Amino acid sequence: MHIRHHWTTTPITADLLRGAVDLERTERGVLPHRLPARAQCADPQLAMAESQPSGVRLALRTRATAVELDTVPTKRAYLGAPPRPDGVYDLLVDGRLAGQASVAGGDTVVIDMATGTAENRPGPAGTLRFAGLPNRVKDVEIWLPHNETTELVALRTDAPVEPAPDAGRRVWLHHGSSISHGSDAASPTATWPALAASLGGVELVNLGLGGSALLDPFTARAMRDIPADLISVKIGINLVNSDLMRLRAFTPAVQGFLDTIRDGHPTAPLLVVSPLLCPIHEDTPGPSAFDFSAISAGRLRFRATGDPAERTAGKLTLTVIRDELSRIVAQRAAEDPHLGYLDGRDLYGAADFAELPLPDQLHPDA
């Protein structure tokens, strides 16, 4: 039987969103961002990563039994590679997963990995719909796709909504690479930071930025200014696979990054996490490169292109970075009792790689 709903349209404002650092007004609606100082870097990779709303969710309190959300997703297509699946939206009712759906259409960025060029193809908005929700006052969260830039156009419900009240939970602010962003996760609540936040009972602000955990000063300033009770930074893999800097630049960059965070959070627990195990870069410098022989076979794989002998010239490897991060944290912890260090291999190490190898040589799977 078709149920006729009397829709209420609610403007999408910052007080309805969690996990976003900024909200840009566009011609079609609003666009959540995870970094505020976007003008300081024109890197397209960073622009894509910070606008993909990993950890960003609408958080509502309502009696509504049906919710519609019009969005304009941005899909990515890679020439010569299989089509990527549509991004997933997760619906949570009173903290429990109650539905999943996707939005077709939207804009498409067609990327040619051989030339490094990209073509933007505009498309129409689509509609996400969840129905059959419990007819009672409840807290509803819609987690946006962690890997699709998502403009929010309109929110409709069959009962009024208000921002979900503050539950009084501590805020965990995390920064890392594509693994923290959620690369290859099945859905936005299945990224490892989202799972860890759920298990720990904390509110997540995820500054995992695919390809862009590069010790950028504006990222440190954003972390300085975001209210947080617990902070973690995972440093290393992007610096190696981009071949961005040498050891001489790395050490003061780490020190400055931590100094800036401490300017805004002088006593918050701050955990520095070194890289997970990644065999291709343990002792071989970057940059990483696409394995085009795998792409022609319909698979995405990466390879290391550096020369291990270049370590003597200061080129970074994961082993070098772990040793230096451990030294830096030990040095700083003498005057900062709230600073800690975690070897990333305790999270994903040799035994994990043997059981669940990295499918593309860089990222864990779901």
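So, how many helices and strands does the secondary structure of this chain come to? The answer is nine helices and 21 strands; helices (H or I, at least four residues) and strands (E, at least two) are DSSP runs, numbered from the N terminus.

Before I go on, some housekeeping. This is a predicted model, so to speak: local features need pLDDT of at least 70, side-chain atom pairs count only at pLDDT 80 or more, and totals for chains, interfaces and linings use all residues. Residues are numbered from 1 along each chain as its sequence is written, and side-chain values use heavy atoms, with hydrogens and water left out.

Okay, overall shape. The C-alpha atoms fill a box of roughly 70 × 50 × 40 Å along the principal axes. For 366 residues, a compact globule would come out with a radius of gyration near 21 Å, and this chain has 21 Å, which agrees. That radius is taken over C-alpha atoms, and the globule rule is 2.2 Å times the number of residues to the power 0.38. Of the 366 residues, 52% count as buried, where buried means under 20% relative accessible area, exposed is over 50%, and partly exposed is in between (1.4 Å probe, protein chains only). And if you take contacts between residues at least 6 apart in sequence, 78% of them join residues at least 24 apart; contact here means heavy atoms within 4.5 Å.

Now have a look at helix H4, residues 217–225. Its buried residues are Phe218, Thr219, Ala220, Ala222 and Met223. What covers them includes helix H1 (44–51), strands E15 (171–176), E16 (203–208) and E17 (230–234), and H6.

Let's stay with H6, residues 247–264. H4 and H6 pack at an angle of about 20 degrees, with their axes 7 Å apart. That makes H4 roughly parallel to H6. For the record, axes are lines fitted to C-alpha atoms, for helices over the stretch in contact, and angles run from 0 to 180 degrees between N-to-C directions. Under 35 degrees counts as roughly parallel, over 145 as roughly antiparallel, 65 to 115 as roughly perpendicular, and the rest as oblique.

Who meets whom? On the H4 side we have Thr219, Ala220, Arg221, Met223 and Arg224, and they meet Phe257, Thr260, Ile261, Asp263 and Gly264 in H6. By class, that contact has four nonpolar, three polar and three charged residues. Ala, Val, Leu, Ile, Met, Phe, Trp, Tyr, Cys and Pro count as nonpolar, Asp, Glu, Lys and Arg as charged, and the others, Gly among them, as polar.

Leucine 215 has a positive phi of about 60 degrees although it is not a glycine, and at 9% relative accessibility it counts as buried. Aspartate 184 also has a positive phi, about 70 degrees. Aspartate 184 is in the loop between helix H2 (178–181) and helix H3 (192–200), and with a relative accessible area of 41% it is partly exposed.

Most residues other than glycine have a negative phi, and most peptide bonds are trans.

Last stop, histidine 33, in strand E4 (residues 30–33). At 4% relative accessibility, histidine 33 counts as buried. Beyond its neighbours within four places in sequence, its contacts include Asp22, Glu24, Arg38 and Glu50.
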